Each structure stands twice: as C-alpha cells, then as structure tokens.
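Let's take a walk through this model together. The tour starts at a charged pair and then widens out to the rest of the chain.

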Amino acid sequence: MDQLKLKLQEYYQRYQQMDQRVKPGKEEPGFEDVLDMENDILSQFGLPTSRRFVQILHDFVHHGHVSDQLLDYVSKKLRTAARKYLLAPVMSDIDLLESAREQKRSAYDVLPELGYPAQEYALFLIGELFYRRNMAAGDILDELKKMQHFDSWNDLMLLSKIHNHTTHELYTKLKKHELRFIDEFIQFTRRQEPSRLVNKRATPLEDGYTPNYKTITKVQVEDIIFDEQTTPSLFGKIKSGRGYARITISLEFSELNQILMSSDELGVEISNHIKKRLANPAAEKPTVIDIRAEFGDVLKLDNCYLEVYKPQHREGNKWVEDKDHFYFVDKILTKKEFEKRTKEAEVKRKIQECLELIGGSYVYYQRLRRLGITDEEAKLRAGLQDELLFKLSYFLNKVKE
C-alpha cells in the first residue's frame, strides 16, 4: 500500500475515533490532529484546505468501512480536483476576491485559497466588510497581509475578550502594526454575542455554511419582542397556499426601523412606541408588543421585500437547515428594488434562451453541410447569413463542447 493510501486509512481511523469519543457540549478530542492530517493530505495534491476540498475527505469518512476500492476512488477524486484547480486560469488575489463575491462563495473557501487561516478576524474582513459592506478588495488584502506578517491572529482574539481593550498593551502593539479594522471587529463581535446567546444559532459568517435565500413579502406581524441587549424578533404569519403559515423573523434594530418606516402611519406609530419603551428603564424585559391589542390591527409589510434565510446546524459532517419557520434577515428591498431585480433576472433568462437558440443554429448549419448543401444555402436555412451572427453561433456552440 502506497504512502497516500496509508495516510487516508489513518485519517479515516482517527476521524472515527474522534467521532465516537465526542460528547455534546465538549471539545472534540483529537480534533487538531484530524485538521493537521486534512491539511497534510490536501497539500500533497497542491490543494488548499478550502471547504470544497475538505468535503471530499468528509464524504470519505462517512463510508461504513475502508477498502482498497474506496481508497482508490478517493485518491482519484482528489487528483481530479487538483488537476482542475491547478490548471485553472491564474487569478490575482483581487480578482479572486471579486469573483468570490459575485459567486457568493463562503469565506471558508476563499481564505485558504488566498493563503490565510479561516480565523474570526479574517472571516470578518471577508464576510462582513467585503461582502456585506462592499469595502475595496485592496484594503481587505492589505489588512490580511499585515495580520499574517506580524502573526497577530491570537493577539487580536485575546484583545477582543478584554473589557477595556483600548487601554491594554496589546491594543497599542496592534495599532503599531497599522491594522485598520481592530475596533470595528471588536464592536462587531460584541454586538453578535447577545444574539448568539439568545438565539443559540450559528450564523453563516461564524460557521461557514451557505444559506438558502428566499424573498418574502406581505408578512402579517402580530408581535414584536426585543430589549436593549438582544436583536428584535417579529412573530406573525405569511400566505402559504390557500392558508397561512406561522413565521418568526430575527433582524437588527436598524432593519426593524427601516421596515417600520416603510409601513405607512401604523409603522411610524410602532417605531415611536418602541423608542419610548427602550428609553424607559422600568419597562418589563424583554419587551413584548402585541400589535393588535395595542394598535387595533396587525402590521402588514406590503411595501418591502425581505431576503431571508434559515439558520443551519451540523448533523455529522453535513449542514442541515432548521425545520422550524425561523429566519434571519439578510437584505431589505423596496418594492421598486425588488421589481428591478426581478426584471433583470427575467431579461437575463430571455437573453440566455436567445443565446441557446443561436448556438443551436450552428448545429443545424453543420447538419445541412454534411448533407451536401452549399455553405451559402446552409447559412440561409439556419438563419445565419449575417456574418457576425454566424460567428456568434459558432463560438456559442464551441462553449458547449
């Protein structure tokens, strides 16, 4: 048995042992060793420890037992992935980042390919600053380079747990390295903490799963629950088939206010009511607003569209969506923005259909030529007498080969 197969076999055994020993709520014994082995195996193929490549190994350990055939299969799969990855066109780091944002790739995939650890600050830079806040790719890469050069990952994580962090010597040390986003990161992690404690749910940024987004509107909000320490939740129902389904939506205060201000007079009235409740230190915590009881009717969200997703949790080595009707808000779109997005998607679909028809015309042209029909006549019958259209059809057909 060659060295690779031996390593794969040992990795399988180590993983199974770790899986059997781990208990809920406790750290997984041998976890670091397993990570080291994953890195070692993938590096033999010139692959980074991106989630998409690690998943090949995770699928492997899900088999009931190891055989030579299984080891050969995994080896072949890794070689195929490596060939595709290594022969792909060379991209600059900036192009890689821009492409990742367009494709909505997980930061857990992108960071190893850039040569950086999937550490919390790095995830914040990619997931929050670059993806969500559209910060320049060059600024993000500069920050990652500084962190890597000065090996400041652990220092920053320690600093983020210190209450008065700006007075600590670590803060002075990191600032000397001209790191730009330290304060924003620490504020961000502290804002996330209450939400994490209350909802007990992982977010995509924290755990690296890819959400399944859906757009909803016309939500009938019956209750709003919040306090000054935790993110608000909307409780209500939404049209589902011929009836209605219950739904719970978690969102930030700024997002709640945006929704309320877009919901005519009732929304503005509820927004003012929430501000008064938050300003009252004697108010019951958490605050529950029964909208029908206090305002005479439910709040109907007719003027905005919410892009939402269900949180996910691990079952073995797979991410699985929660089954309850609980959602996090990712984006809020006005009716105009939603209609524009829908129209753009429809136009893109129509363009794609046209391109497929044009590409198919070249296949028809080739068939006519094989039947002995002249080039000019074949182009005419295929609708490709225009030279530019003929070239377009030719190259579209080439893409499919």
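K379 is buried, with a relative accessible area of 14%. Please keep in mind throughout that this is a predicted model.

What does the side chain of K379 meet in a salt bridge? The partner is E387, at 3.8 Å from N to O. E387 itself is partly exposed, with a relative accessible area of 43%, whereas K379 counts as buried because its 14% falls under the 20% cut-off.

K379 belongs to helix α17, which spans residues 375–382 and also has A378 and A382 among its buried residues. These three residues lie on the same side of α17, because they cover an arc of only 100° around the axis. Which helices do the buried residues of α17 pack against? They pack against α16 (335–370) and α18 (387–400).

## More charged pairs

| Pair | N to O distance |
|---|---|
| K379 and E387 | 3.8 Å |
| R101 and E98 | 3.0 Å |
| R105 and E113 | 2.8 Å |

R101 and E98 both sit in helix α5 (residues 93–103), and because they are three residues apart there, about one helical turn separates them. R101 is partly exposed at 23% relative accessible area, and E98 is partly exposed as well, at 28%. What about R105 and E113: buried or exposed? Both of these residues are buried.

There is also a network to look for: salt bridges link E346, R349, K350 and E353.

## The strands β2, β3 and β4

Now let's turn to some strands. Strand β2 (residues 219–226) pairs with strand β3 (residues 233–240) in the antiparallel sense, over five bridges. On its other pairing, β3 runs antiparallel to strand β4 (residues 243–250), over eight bridges.

In β3, G236 is the bridge partner of V221, and in β4 the bridge partner of G236 is I247. How many residues lie between β3 and β4 in their hairpin? There are two, and G241 in the turn has a positive phi of about 65°.

## Two loop residues with positive phi

Positive phi values also turn up in residues other than glycine. One of these is K218, whose phi is about 55°. You will find K218 in the loop between β1 (214–216) and β2. With 52% relative accessibility, K218 counts as exposed, because the cut-off for that class is over 50%.

D151 is another, with a phi near 50°. D151 lies in the loop between α8 and α9, and its relative accessible area of 55% makes it exposed.

Moving on into helix α9 (residues 153–160), we come to D155. Is D155 buried or exposed? At 18% relative accessibility, D155 counts as buried. Leaving aside residues up to four places away in sequence, D155 touches L170, K173 and L174.

## The chain as a whole

Stepping back, the chain has 18 helices and ten strands. Of its 401 residues, 40% count as buried. Among contacts with a separation of 6 or more, 59% join residues 24 or more positions apart. The chain exposes about 23800 Å², with carbon and sulfur atoms supplying 52% of that area.

## How confident is the predictor?

The mean pLDDT of the chain is 82, and 89% of the residues score at least 70. Which elements mark the lowest and the highest mean pLDDT? Helix α12 (residues 204–207) has the lowest, at 66, and helix α8 (residues 137–150) has the highest, at 94.

Two stretches deserve a separate mention. Over residues 22–29 the pLDDT is below 50, and this stretch has five contacts in the model beyond near neighbours in sequence. Residues 194–201 also have a pLDDT below 50, with 17 contacts in the model beyond near neighbours in sequence.

Note on methods
Residues numbered from 1 in each chain as written. Predicted model: local features only at pLDDT ≥ 70, side-chain atom pairs only at ≥ 80, totals over all residues. Heavy atoms only, no water. Buried < 20%, exposed > 50% of the residue type's maximum accessible area, 1.4 Å probe, protein only. Helix = DSSP H or I, 4+ residues; strand = E, 2+ residues; numbered from the N terminus. Arc of directions from axis to C-beta. Contact = heavy atoms within 4.5 Å. Areas by Shrake-Rupley, 256 points an atom, 1.4 Å probe, with all protein chains shown as cover. Salt bridge = Lys/Arg side-chain N within 4 Å of Asp/Glu carboxyl O. Pairing = 2+ DSSP bridges. pLDDT = per-residue confidence, 0-100.
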